[in-house]
Amino acid sequence: MRPPAPEGAGPSAVDLTARTYRHPALADDRVVVRLAAAELGPAEDLAAGFLGLVRDAGEPPVVGLGQRQALGFPEWVLVHHPQDGHHALAVVPELDRLARQAKTKPKAALDACLELAGRLAAAVPHFLPVFYEQAARVFLAVENTTYAAQLFGRARTSEAQHGLAVDEDRLDAVFLEFALVGALPVKVLTGYAKELSTRVSPAEAHERFRRLCVRRTAGGLPPSAQAATELRRLARAAGLTGGEAEQDYLAELLPLPATLRAAFGWWKAHRTALIALARRVPDVRGTLLGLMPPGGDGELSALWLDILEQSGATAGLVDAGLPAGQRCSDGAAGWLERFHAARHGGWGSRPTLPALLDLVTRAAGRLRAELAEPGRESGLNVGVQDADLLDLLLSLDVPVTDPEPDPASRRRHDQLNLADWARCDQRRDLLAIAADQRFHPAFRRTAYALGGNAESVELVRLLAASPGGRPMLTAWMREVARSSTAAGLPALPDAIQRLTWLPAEALELARDEVAAAAGTDLGDILARTLRGGLFEEFTWPAFEEALAELADRKALRRGNLTLVEAWPYLIVANPVEVRVLDADSTVLTHDLRVPAGGSHRYGFHYVDGALLVFWTSWNSGDVQGYWHTAPQHVFTLDTDRSYWSLRSDHISLPLAGGGRATGGGVLHAGDTALPAEHALLSDGTSHWVWQHRDQDHDGGWREYAPADGARGRYSRPAFLADALRAHPSDATLSAQSAWLRPAPAVEGSALGAPADGLLGWHAVRLPGQGWHGCDAAGRSVRTPEGADMPVAALAFPADERPRALTLRWRELSIADPDGTVTATTRSDRDEGFATGSVSLPPLPFWYALRPRDPEGSAALRTADRDTAAALLTAAAQAEKASDLPGLVTAALPQVTGEQLIGGIVEVLRFALTQQKALDGVAARLHTGGSAADDTQWPTDESIDQARL
């Protein structure tokens, strides 16, 4: 019984039969079974007979489907030239050898193939076409279509060179076979059309080439515009005039799925024929409405809409009384959603098509009726990608779905596409969008995404002149102005910069609010920053000493330093020396004994007083190392680490009985193997290791025994297990950012004192409320909804409440209890952070930071507006930048730490830059200046320099 053909089986699928043969040399109960296409069965039998095989009587059963394939080598020779069969069979082993070589040494296999072909050409040239084709199949089997195409071309060349007879039916099948696997460029296909014209009659040439094009597309390849040109030429040569031949060809292609992937050039080439076909055969109009070619660069959408209009197909979107074959199966609403999605499926500009707006206006009644039906009450799903279309639909009372933000989208589909609206010559007034509050957030997101370029300035001017754009722009301008006055000092550049480039037409819409923003009291904001805390208030003397001495030695730059954890120690090294630091001092200094030459990357471990030094270079596969207690004994470490993965970011922990737990094993002094590294937790007694998600579990913390590496049940330390108990049921714990480990006590630590010898942290996400972070001692901070997750609670000297420390990529921020960011610093390295005055250690080692100038910090906690304003005024009048430290000392005499004074000077310079920007906004508002004067306002570069 013939098995059913699978869904989607194309014209290249043929019945596959199981043919059984017997041979006198085999026992009676043994047979040879060959799987072969049913259409090639007789040829298979003849080839088998050449080897002495006799087929069993009866019809071979069909056992499945196979790929259509022309009779290959050596079968073709055995069938058509049996007298040369022994030559063909002698070539088969060499083809098998080529097949084994083609994957790993394709060039050598190709050269061997050509050498073999040269020998065949001298003795049996009629072998060449099928031999080259079979060799091409060898390369197709290893997905090398380049060499396969070359060999296919040589097969055709050999036919002409040796004057061989061509079996047109076989050649049709071969061309289809290779075309379907993508081995034939369109140029080869068009060449085939030209060759056909020289071998067969014009009518037969046209029919054969047309059939090849249709079968190629039915097999899954999009039709070709170049092939269409050849079809027209062949049709003219065959006397087929009037365009009906082309229309009939299109009628065959339109239902095929691959046709939708045709390039713009193909649709453009057939535009006239498609229109004529739809006018001649009315039901084709329904077929056209059911199709939707991808939008590409926007040209195809315009062309497609033109074809539908000119052919009369769009009547099926307006008139519900037309026969079913002339209407769209999913109605006008479904068609519009599909057309909109296809049109905006690519990149680039998509100005609204006036013809589309005209069509929607004509189809409005049909759209309203369809959207009133059960299941469609939510409205059309057209998003916010076409402002003109959206505004028209809303004005026509056509229901439209609520916009849904898509923050993960790289194209920002949650922003109202006003750029294309501005490019239209006949843009709509946007009154309908302005009247629908659902779309105002999308407008604001678009406005906030604008930059200070000429295109953005022109867009804002157009909005200010638009009846609907003006009220939305006014509301946004007031929001921007208010945010400028509410921002903390680090956020002022982003808040103010918009006011510096927005044209006067926009500033006038919110004159009072902009004037208030321009008059922002930076004295009060500066005082808030000083009270909120500066990074320069903390110091780790041993760390700062190590950085200063190691970076200065032999003029090495900060970027040449290596920072590696050895909890609770920190290892700092340059290519010459390495130091091991604890919270109070340098516990080990060692001069490196690394071989000279090469660009080495270093790794370190500190275990029970012994330092392991290891290194590799980018072009070396080995990791070499030694223990500092025996530097003369260099060995190759047993590890799978590479140049880029010598050490991970995970914290390892010392064990009470000796050794260091890494999460993937225990490293002891003297070991020559590096265990794997994984995230670890410890409450001083028990350990947990992070288990990544696998097929059996979603992942999480697992109980862990470092001694033997055994992993137990999934659980968490009590500190983390209790994290959610005080919060609503919908709160979530950020598990991978949580940590707990034993730590030494440091007086005045920036992270506070350990609780029962433990430092730890967890952050809980409260939907709609932001983040709640808490350490092991119960000190907690909050950040509001939309703010970054806190990673620590900083305890500043003389401050009653801890401050939230947040991290976004490489930017650290300090936030007020109400969430206002008062200080930021960035890092150019993963290991640590730096301001213009101090360097800061990696975050896990902030436990070692302590107050630098306690009296100075206490003075900052009481800084008021008047003191800050007087400092700003004096700084603005200073003649030289070198005068600023003296001004700070005069205004805040309790501050004596050099680095802390430097930090205050940085903040002061930054505030002065923002004051100049605000003064510029006030001047523009007073004089009505335009954005053409943007060059006098701060640029991104100048703002970054001010931050430094």
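1. Pro-568 sits in the loop that joins strand S6 (562–566) to strand S7 (569–573); helices (H or I, at least four residues) and strands (E, at least two) are DSSP runs, numbered from the N terminus. The peptide bond leading from Trp-567 to Pro-568 is cis, with omega near 0°. The model is predicted: local features need pLDDT of at least 70, side-chain atom pairs count only at pLDDT 80 or more, and totals for chains, interfaces and linings use all residues. Residues are numbered from 1 along each chain as its sequence is written, and side-chain values use heavy atoms, with hydrogens and water left out.

2. Asp-397 belongs to the loop between helix H20 (387–395) and helix H21 (418–423). Most residues other than glycine have a negative phi, and most peptide bonds are trans.

3. Helix H17 (residues 331–343) and helix H18 (residues 354–362) have axes that come within 12 Å and cross at roughly 165°. Axes are lines fitted to C-alpha atoms, for helices over the stretch in contact, and angles run from 0 to 180 degrees between N-to-C directions. H17 is therefore roughly antiparallel to H18 (the term applies to angles over 145 degrees). Trp-335, Leu-336 and Phe-339 of H17 make the contact with Leu-356, Leu-359 and Val-360 of H18, where contact means heavy atoms within 4.5 Å. By class, this contact of H17 with H18 has six nonpolar, no polar and no charged residues. Ala, Val, Leu, Ile, Met, Phe, Trp, Tyr, Cys and Pro count as nonpolar, Asp, Glu, Lys and Arg as charged, and the others, Gly among them, as polar.

4. Helix H34 (residues 884–891) packs against helix H35 (residues 898–927) at an angle of about 105°, their axes being 9 Å apart. H34 is therefore roughly perpendicular to H35 (angles of 65 to 115 degrees). On the H34 side the contact is made by Leu-884, Pro-885, Val-888 and Thr-889, and on the H35 side by Ile-901, Ile-904, Val-905, Leu-908 and Arg-909. The residues of this contact of H34 with H35 comprise seven nonpolar, one polar and one charged.

How values were computed. Parallel < 35°, antiparallel > 145°, perpendicular 65-115°, else oblique.
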